[in-house]
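Thanks for coming. I will go through one structure this morning, starting with how its chains meet and then moving to single elements.

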Amino acid sequence: MPQLEFDTYTPQLVWLAITFILLYLVMWRVALPRIAEVLEERQSKLQHDLDEADRLKGEAETALSEYDAALGEARGSAHGIVADARAKLTAELDAHRHEVEADLADKTQAAEAAILAAKQEAMAGVRAAAVDTTSAVVARLSGNQVDDSAVGSAVDAAMSGRA
Amino acid sequence: MAESTEQHGPLEQFEVKSLVDMHLGGLDVSFTNSSAWMVLAIILATLLLTLSMSGRAMVPGRWQSISELCYEFVANMVRDNVGSEGRKYFPFIFTLFVFILFSNILGMLPYSFTTTSHIIVTFALAFVVFLGVTVIGFLKNGLGFLKLFVPSGVPVALMPLLVVIEVISYFIRPISLSVRLFANMMAGHTMLKVFGGFVISLGLLLGWAPLVFLVALTGLEIGIAFLQAYVFTILTCLYLHDALHPGH
């Protein structure tokens, strides 16, 4: 069994010591610090990115709540404006309507007065025409001049009897 | 070193052959095939773990991922099994893991030499761990380290027996640690060679059956190469934990 050939032990041990110590020095001084550095860098970069993401998320949430608040405020003021406008319009409309109604009432009164005047005038015209016509008819039939006042009272009597 | 009848035996692969004879003050420091594979292992490990990180990419590529995976694998092992005081010993434990892993994996190449299939290599590694852990235990805890051998909550009558058992199990650690790795590597590679021999001797007609088994066994052996590197390293972590926290 080659493992029990003792004269091979010294060279094996010597070269094991040389190679193992060399590998240890290279790992300890060069390889491991470099790997550790890269891993740490990545870790810190990741942490930094996560922190940044957290910060941005917080900012976004703040902005969102601010926007919500502004939206609510705007909605409230819009309601106010609409209510104001409605009240103002109603008031204006009412005023206008009152004005128009008053105007219409005035005009109606004037028109009624005018109609009454026209009616009286027309009635007066009818009486004069009736008196003239009656005088003429009586004069022609009887050949006598009739007194104007007598004709007038007769016409009045007839008209009041008709009216 | 080997007899002629053993020229193509399953144990031939474990022979240590000198490539360059060297002596230093009566000490045989010849550069052997074992030395060559150790040197290759540390060169490949160094290349993988330094070149792959030269890009220092924020999003790692394949090779960089392998390096980072190795690092985090061992770092987590140390953190979980030793605790935060284990950070100081992390470079050593990482080197141990990488050295054993590369030796085991390189041993899977055809015609290669598995440096960890020699008991003297695994024992040297285990003994360094044992010695280091014992020294750290006494440096950190003084004589309080001896509490490791006195289990708490045990009847006084049983105490002497248990202390003896604890002491024995403590001193067996380097042996069990080294034999586990060496035996796994040696048995696996011997089996591969034996079944390889069957494939040839049974010929084209019947050789397929052992060949199929050989393929499956090769997959298993690659798994064992990883597993034994892991087991050696995690046991080192547990021993280190004992040294830092000797109270049961």
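Where the two chains meet, 37 residues of chain B are in contact with 30 residues of chain A. On the side of chain B that touches chain A, the elements giving two or more residues are strand 3 (27–28), helix 1 (33–51), helix 2 (62–81), helix 3 and helix 4 of chain B. Helix 1 of chain B gives the most, with nine residues. By class, that side of chain B has 24 nonpolar, nine polar and four charged residues. Please keep in mind that this is a predicted model.

Now chain A by itself. Its secondary structure comes to two helices and zero strands. Along its principal axes, the C-alpha trace of chain A spans about 195 × 30 × 20 Å. The radius of gyration of chain A is 63 Å, whereas a compact globule of 163 residues would have one near 15 Å. Buried residues make up 9% of the 163 residues in chain A.

On the chain A side, take Tyr24(A), which is in helix 1 of chain A. Is Tyr24(A) buried, partly exposed or exposed? Tyr24(A) counts as partly exposed, because it has 18 C-beta neighbours inside 10 Å, and the cut-off for buried is 20 or more. Leaving out residues up to four places away in sequence, Tyr24(A) touches Pro91(B), Phe92(B) and Thr95(B).

On the chain B side, take Leu49(B), found in helix 1 of chain B. Leu49(B) has 25 C-beta neighbours inside 10 Å and therefore counts as buried. With the residues up to four places away in sequence left out, Leu49(B) touches Ala31(A) and Ser67(B). Glu85(B) is 36 residues from Leu49(B) along the chain, and their C-alpha atoms are separated by 24 Å.

Next, helix 3 of chain B. It has 17 residues and reaches 24 Å from its first C-alpha to its last, close to the 24 Å expected at 1.5 Å a residue. Of those 17 residues, 14 are buried, so helix 3 of chain B is largely enclosed by the rest of the structure.

That leaves helix 4 of chain B, residues 119–141. At 1.5 Å a residue, its 23 residues should span 33 Å, and the end C-alpha atoms are 32 Å apart, which agrees. Among the buried residues of helix 4 of chain B are Ile120(B), Val121(B), Val133(B) and Gly137(B). What do the buried residues of helix 4 of chain B pack against? They pack against helix 1 (9–142) of chain A, together with helix 3 (90–106), helix 5 (159–206) and helix 6 (208–244) of chain B. After helix 4 of chain B comes Gly142(B), with a positive phi near 65 degrees.

Let me take one of those partners, helix 5 of chain B. Two packed helices are described by the angle between their axes and the distance between the axes. Here the axes of helix 4 and helix 5 of chain B come within 8 Å and cross at roughly 145 degrees. The crossing is right-handed. From helix 4 of chain B, the contact includes Ile119(B), Phe123(B), Phe127(B) and Phe130(B), and from helix 5 of chain B it includes Arg173(B), Pro174(B), Leu177(B) and Phe182(B). The residues of this contact divide into eleven nonpolar, two polar and one charged.

Technical notes:
Residues are numbered from 1 along each chain as its sequence is written. Chains are lettered from A and ligands numbered from 1 in the order in which they are written. This is a predicted model: local features need pLDDT of at least 70, side-chain atom pairs count only at pLDDT 80 or more; totals for chains, interfaces and linings use all residues. Helices (H or I, at least four residues) and strands (E, at least two) are DSSP runs, numbered from the N terminus. The expected span of a helix is 1.5 Å times one less than its number of residues. A residue is buried if 20 or more other C-beta atoms lie within 10 Å of its own, exposed if 12 or fewer, and partly exposed in between; C-beta atoms are placed from the backbone. Two residues are in contact if their C-beta atoms, placed from the backbone, lie within 7 Å. Ala, Val, Leu, Ile, Met, Phe, Trp, Tyr, Cys and Pro count as nonpolar, Asp, Glu, Lys and Arg as charged, and the others, Gly among them, as polar. The radius of gyration is taken over C-alpha atoms; the globule rule is 2.2 Å times the number of residues to the power 0.38. Axes are lines fitted to C-alpha atoms, for helices over the stretch in contact, and angles run from 0 to 180 degrees between N-to-C directions. A crossing is left-handed if the near helix is turned anticlockwise from the far one by less than a right angle, and right-handed if clockwise.
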